[in-house]
Number of protein chains: 2
Amino acid sequence: MKRRGLLIILSSPSGAGKSTLARRLRDWDPGIRFSVSATTRPAREGEVDGTDYHFVDDVRFKRMVKDKEMLEHAHVFGNFYGSPAAPVREAIEEGADVLFDIDWQGAQQIQKSALASHVLSIFLLPPSIPELRARLESRGQDGPEVIARRMQRSWDEISHWDGYSYVLVNDDLDRTEGQLRTIVTAERLRASQQPWLVDHVRTLQTEFEEGA
Amino acid sequence: MKRRGLLIILSSPSGAGKSTLARRLRDWDPGIRFSVSATTRPAREGEVDGTDYHFVDDVRFKRMVKDKEMLEHAHVFGNFYGSPAAPVREAIEEGADVLFDIDWQGAQQIQKSALASHVLSIFLLPPSIPELRARLESRGQDGPEVIARRMQRSWDEISHWDGYSYVLVNDDLDRTEGQLRTIVTAERLRASQQPWLVDHVRTLQTEFEEGA
């Protein structure tokens, strides 16, 4: 019997190290696939369609939602973001885990969906607000108003921390990376993640009945 | 806020390496306490009262059950076995994890008790029945009838493997030990196991509101 993959949801306020840690997790296990979000916001310089995001227009996005082709979606700062369902369904049927870099709204929608029993949800907290602000400011090009808006949104995200199974304070990237690996490794040892055990126990039963 | 300890239930058929792994887990983290079972069976040579078991008579055992001083209890091969509740309650209030070396009947009782939300249940499967039989036989002193009875009981135990959260096939002690460590480490990263995060988030909120 084949294992179905996990839906690994990684949420955090912007600036808490989520993207770095997502990359590191995939470097550790290249079998983990990223769920590439669809969005209606324009591509920024350097962003690649299909890798960073699927860039789509409003009409296409709304049609996908209507046709239930999105696992979750949200409206943020005037743009739509959503996780296309098809690649996720395909991946988990093949036994591959899928990593979602989404916010609490998306996490809640997936945790209420038919795939809820396959969700592993992890939230990253920043060590402090000044540190979070410093990381946002160090990105350079944004003015104080944009920073203030981002900070407000960061707090909104943080305030939903307790809707997640696992919560890590990211005060050290290496340590947090180790914790993420530990969590994923442990979750894969759940009985529900090892359907082949049914065959193993069947073999044990045969051996037992044959008096082996 | 203080963490409450986990009830780590380790079950397996006799001969699957459970005692060795329990000892190794405590060598790794000496903070883990063993739940010492009470039993009405006579002490075997070398067994120490209060360390291997609490050896009690039938009257005392039944009184403890009646007074709800047992978290779980079972009747096996003519003797009673049970886990005294008081040391467990004390340990988890102090934030210490408690390891239970008990069978599926005991595991089910604890998983239905008021402490169910603190249970981490792990089952060890043997790689094969011949290997399990060989380990039982290698202990020496038992005749074929006793071995047959033990094998029957082992199969009874194995047949309840799917009532556990985590299941490991113990075909390599070092590997299984590593998996046990991983599971315990991950479970301690659950939001519910880190109550101090409530204080951390409160601090973040204060920092945010003060515009830090």
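Predicted model: local features only at pLDDT ≥ 70, side-chain atom pairs only at ≥ 80, totals over all residues.

**Parallel pairing in both chains**

Strand E7 of chain A pairs in the parallel sense with strand E1 (residues 7–11) of chain A over 4 bridges, and A:Ile8 has A:Leu99 in E7(A) as its bridge partner. Strand E2 (residues 33–34) of chain A also pairs with E7(A) in the parallel sense, over 2 bridges, with A:Arg33 opposite A:Val98.

In chain B, 5 strands form an open sheet with parallel pairing, in the order E2-E7-E1-E8-E9. Strand E2 (33–34) and strand E9 of chain B are at the edges, each with a single partner strand, so one side of each is left without a neighbour in the sheet. E2(B) and strand E7 (residues 98–101) of chain B pair in the parallel sense over 2 bridges, and B:Arg33 stands opposite B:Val98 in E7(B). Helix H7 of chain B packs on this sheet, where it touches strand E1 (7–11), strand E8 (119–125) and E9 of chain B, and the direction of H7(B) makes about 165° with that of E9(B).

**Charged pairs**

Side chains of opposite charge can pair when their charged atoms come close.

| Side chains in a salt bridge | N to O distance |
|---|---|
| A:Arg188 and A:Asp97 | 2.7 Å |
| B:Glu187 and A:Arg190 | 3.5 Å |

The pair of A:Arg188 and A:Asp97 meets within chain A. This pair links distant parts of the chain, 91 residues apart, with A:Arg188 in the loop between helix H7 (173–187) and helix H8 (197–209) of chain A and A:Asp97 in the loop between H3 and strand E7 (98–101) of chain A.

**Where the chains meet**

How many residues does the contact take from chain B and from chain A? The contact takes 38 residues from chain B and 38 residues from chain A, and the area buried between the two chains is about 3,400 Å², of which carbon and sulfur atoms give 73%. B:Trp155, B:Leu189 and B:Phe208 supply 19% of the area that chain B buries against chain A, more than any other three residues.

Across this interface there are 2 salt bridges and 14 residue pairs in polar contact. The elements giving two or more residues to the side of chain B that touches chain A are helix H5 (129–138), helix H6 (144–158), strand E9 (166–169), helix H7 (173–187) and helix H8 (197–209) of chain B. H8(B) gives the most to that side, with 8 residues. By class, the side of chain B that touches chain A has 24 nonpolar, 10 polar and 4 charged residues.

Key:
Residues numbered from 1 in each chain as written. Chains lettered and ligands numbered in written order. Heavy atoms only, no water. Contact = heavy atoms within 4.5 Å. Buried area = accessible area lost by both parts, 1.4 Å probe. Salt bridge = Lys/Arg side-chain N within 4 Å of Asp/Glu carboxyl O. Polar contact = N/O pair within 3.5 Å; in protein donor to acceptor, adjacent residues only side chain to side chain. Nonpolar A, V, L, I, M, F, W, Y, C, P; charged D, E, K, R; others polar. Pairing = 2+ DSSP bridges. Axes fitted to C-alpha atoms, helices over the stretch in contact; angles between N-to-C directions.
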